[in-house]
Amino acid sequence: MDQFRGLRRVDVAIVGGGLTGFLLASALSQDGCKVAVLEASDSPHNPAAECATLHYAEAFSRAAAAHELSTVRHYARGLQTHLNALLAAPLPYIQPMPAYLYARTAEALPLLEKHLVLLSQLALPVHTAPDAGGCPFPVELSLYSQGAIVNLQHWMAALQASILRNGGKVYTSSRVTGIDGSRLCTSQGALQAATVVLTTGTPLGLRDPRLLALLESRSTAHCHLIPDAPLHSIQQPIQAGISLFPTSSGVHAAMDLGRCGTRQEQKYFRQFGSKLTRLLPDWQQGEIQFSTQVVSADGLPVIGTMPGSRMLFASGYGGCGILGAMHAAEVLHRRLTGHMAPEDALYSPDRAFPRGLIQREQRRIASLRAEGILRPRAPLCSHCSCRLRYFSPASRWECPSCGSACNMLGQPLSGPGMAPVAVSPRQRPN
């Protein structure tokens with residue numbers, strides 16, 4: 001990707017090198033539009049893989065509480081259309097997969113059953129699943145629907161190639177430092193654009209208290225995958241607390257930590273770590289990271305023209321993952337090409353919002369989320385108390401010090417350690 005200096009002129013400048021920005025830039029460049037994408041980092045950061053599914057019960061529930069069911073059904077059908085397109089795409093980096101939504105405790109059952117009723121009212125293809133997709137944790141109830149695993153790195157590379165092939169540009173290390181009318185100023189130079197589109201999640205420079213209040217801090221609900229890990233089931237949070245996502249090499253743990261507060265990060269780290277230790281005492285935790293999502297308070301995204309300017313922006317679809325990005329890019333493309341659909345007005349920033357959603361002022365519109373990878377600690381040798389190593393070809397535990405060996409359940413096989421080894425169910429290979 002390129003960097004630029006001086007002044008460049010384009011038809012459309014897109015701020016944000018994420019999936020929404022690349023999808024929109026690819027579609028506009030194919031239409032013959034001169035387009036440029038500005039990305040603040042050295043390269044767009046995307047997870048190796050991400051899953052797309054329609055288990056967005058939290059967003060749909062908020063939308064159903066704030067709008068009529070027909071309004072929510074329009075949004076749900078739009079996401080369903082994009083999921084069908086992914087499932088039908090003959091591309092090597094898109095693979096169909098079953099998606100599951102779990103209730104692990106009896107306390108979560110009423111909420112999940114309520115979500116099942118709502119998803120049925122929205123005419124989404126979701127069913128109950130007795131097997132829970134092979135989840136290694138006890139499950140009270142499981143919902144099943146279609147889904148897809150998408151390798152975002154390969155998809156973004158293909159979109160970038162399409163943009164460049166059709167005359168578009170992708171500029172990295174180009175953080176926008178100011179906006180002067182239709183001119184975007186960066187540390188390297190400036191872009192003069194007839195239209196500016198912001199796809200950075202939080203609208204750049206947005207100070208309207210009404211819109212800031214609508215982009216309320218919420219917990220996210222999508223699964224981050226470990227690279228090259230064959231994951232065949234996902235678990236999304238349906239209640240407050242820690243959510244566990246089983247993977248082939250461990251467990252992905254996530255916890256919503258409320259509103260951003262950088263001064264309290266260390267306290268959040270300790271809180272997250274202590275809860276994980278109490279929950280899974282025989283597991284070791286990996287790196288913990290913070291991530292942010294912007295989710296609209298009324299469940300519907302905010303896509304359209306920023307009030308008082310000629311700029312377009314898309315925000316408030318955090319948690320809907322790939323399908324939300326595809327939907328936002330499609331709505332923006334229709335608006336830019338003058339082929340708006342009647343349902344596009346549902347996402348307009350000027351739409352009438354129900355009372356009770358408007359708060360006086362919010363200057364920070366992101367939620368804080370701690371994430372980590374957990375892997376089980378190996379059991380201890382009954383002879384020398386060293387950590388055992390699991391030897392996959394022979395399906396047994398081996399001690400690197402004394403050479404003792406036992407099967408995966410801890411029953412002794414050979415060596416000086418002839419006493420059984422305490423192997424908990426979580427330590428057993430899945």
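Start by selecting strands E17, E18, E19 and E20 in this predicted model. These 4 strands make an open sheet, in the order E17-E18-E19-E20, with antiparallel pairing. Now colour the two edges: strand E17 (389-391) and strand E20 (412-414) each pair on one side only. If you look along the sheet, the twist from one strand to the next averages 35°.

Next, zoom in on strand E19 (residues 405-407) beside E20, where 2 bridges join the two strands in the antiparallel sense.

Select helix H3 (residues 69-88) together with helix H8 (residues 321-337): their axes lie 9 Å apart and cross at an angle of about 105°, so H3 and H8 are roughly perpendicular to each other. Show the side chains where they touch. On the H3 side you will find Tyr75, Gly78, Leu79, His82, Leu83 and Leu86; facing them in H8 are Ile322, Leu323, Gly324, Met326, His327 and Glu330. By type, this contact has 7 nonpolar residues, 4 polar and 1 charged.

Last stop: the cysteines. How many disulfides does a search of the whole structure find? The count is 0. Select Cys386 and Cys384 to see one case: the closest cysteine sulfur to that of Cys386 is in Cys384, 3.6 Å away, which is too far for a bond, since a disulfide needs the sulfur atoms within 2.5 Å. Cys386 is partly exposed, its relative accessible area being 23%. Finish at Cys33, which counts as buried because its relative accessibility is 18%.

Conventions: Residues numbered from 1 in each chain as written. Predicted model: local features only at pLDDT ≥ 70, side-chain atom pairs only at ≥ 80, totals over all residues. Heavy atoms only, no water. Axes fitted to C-alpha atoms, helices over the stretch in contact; angles between N-to-C directions. Parallel < 35°, antiparallel > 145°, perpendicular 65-115°, else oblique. Contact = heavy atoms within 4.5 Å. Nonpolar A, V, L, I, M, F, W, Y, C, P; charged D, E, K, R; others polar. Pairing = 2+ DSSP bridges. Buried < 20%, exposed > 50% of the residue type's maximum accessible area, 1.4 Å probe, protein only.
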